[in-house]
Amino acid sequence: QLQLVESGGGLVQPGGSLRLSCVASGFSLDYYAIGWFRQAPGKEREGVSCISRSSGRTNSADSVKGRFTISRDNAKNTVYLQMNSLKPEDTGVYYCAVNQISDLLLPGLCVLSTSPYDYWGQGTQVTVSS
């Protein structure tokens, strides 16, 4: 059974840091592009950061560039999202997701759109507040 499980969320003050983890089971992350997404109350789910399967190249939303870093450890079958200088507007439920098609359509790249992502975790809550 393919499964993604996020962890590491919590309550943090503005300016603080968190590191989210996403552990895959039932399949190997080696063969997938991986994305982190978030959804704030009343808003649509949006792409935060992604990392391609083949090149390891990353892409991030403008709102998090310079603050968030995505990385993958294929040996641990885990992907991370390091979040620094957190702001209240970063609050939301954070999800990891995987897909295989984006590397076929855009070799070496990844996309922040939700549409190609096949498998999703259950999410972890991040709240940035003083």
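**Legends to close-up views of a predicted protein model**

**View 1. Overall arrangement of the protein.** The protein comprises one helix and 11 strands, where helices (H or I, at least four residues) and strands (E, at least two) are DSSP runs numbered from the N terminus. The model is predicted: local features need pLDDT of at least 70 and side-chain atom pairs count only at pLDDT 80 or more, whereas totals for chains, interfaces and linings use all residues. Residues are numbered from 1 along each chain as its sequence is written, and side-chain values use heavy atoms, with hydrogens and water left out. From the N terminus on, the elements follow the order β-β-β-β-β-β-β-β-β-α-β-β. The C-alpha trace spans about 40 × 30 × 25 Å along its principal axes. The radius of gyration is 14 Å, which agrees with the value near 14 Å for a compact globule of 130 residues; this radius is taken over C-alpha atoms, and the globule rule is 2.2 Å times the number of residues to the power 0.38. Of the 130 residues, 45% are buried, that is, under 20% relative accessible area, with exposed meaning over 50% and partly exposed in between (1.4 Å probe, protein chains only).

**View 2. The open sheet of four strands.** The strands take the order E1-E3-E8-E7 with antiparallel pairing; two strands pair if DSSP finds at least two bridges between them. Strand E1 (3-7) and strand E7 (68-73) are the edge strands, each pairing on one side only. Neighbouring strands of this sheet are turned by 15 degrees against each other on average, direction ignored; axes are lines fitted to C-alpha atoms, for helices over the stretch in contact, and angles run from 0 to 180 degrees between N-to-C directions.

View 3. E1 and E3 run antiparallel and are joined by five bridges. Glu6 is opposite Cys22 in E3.

**View 4. Strands E7 and E8 and the loop residue Asn77.** E7 and strand E8 (residues 78-83) run antiparallel, joined by six bridges, and Asp73 is opposite Thr78 in E8. Asn77 lies in the loop between these two strands and is buried, with a relative accessible area of 15%. A polar atom of the Asn77 side chain lies 2.8 Å from the backbone nitrogen of Leu29. Not counting residues up to four places away in sequence, Asn77 touches Cys22, Val23, Ala24, Ser25, Phe27, Ser28 and Leu29, contact meaning heavy atoms within 4.5 Å.

**View 5. The largest nonpolar core.** Such a core is a set of buried Ala, Val, Leu, Ile, Met, Phe, Trp, Tyr and Cys residues joined through side-chain atoms within 4.5 Å. Among its 33 residues, Leu4, Trp36, Phe68, Leu81, Met83 and Tyr94 touch the most other members. Strand E3 (18-25), strand E4 (33-39), strand E5 (46-51), E7, E8, strand E9 (92-99) and strand E11 (124-128) each supply at least two residues of this core. Leu81 has contacts beyond four places in sequence that include Leu18, Trp36, Val48, Phe68, Ile70 and Tyr94.

**View 6. Ser102 in helix H1.** Ser102 belongs to helix H1 (residues 101-105) and is buried, with a relative accessible area of 3%. Its contacts, not counting residues up to four places away in sequence, are Ala33, Pro107, Leu109, Cys110 and Val111. The C-alpha atoms of Ser102 and Ile34 are separated by 9.9 Å, although these residues are 68 residues apart along the chain.

Notes
A polar contact is a pair of N or O atoms within 3.5 Å; within protein, one must be able to donate a hydrogen and the other to accept it, and residues adjacent in sequence count only if both atoms are side-chain atoms.
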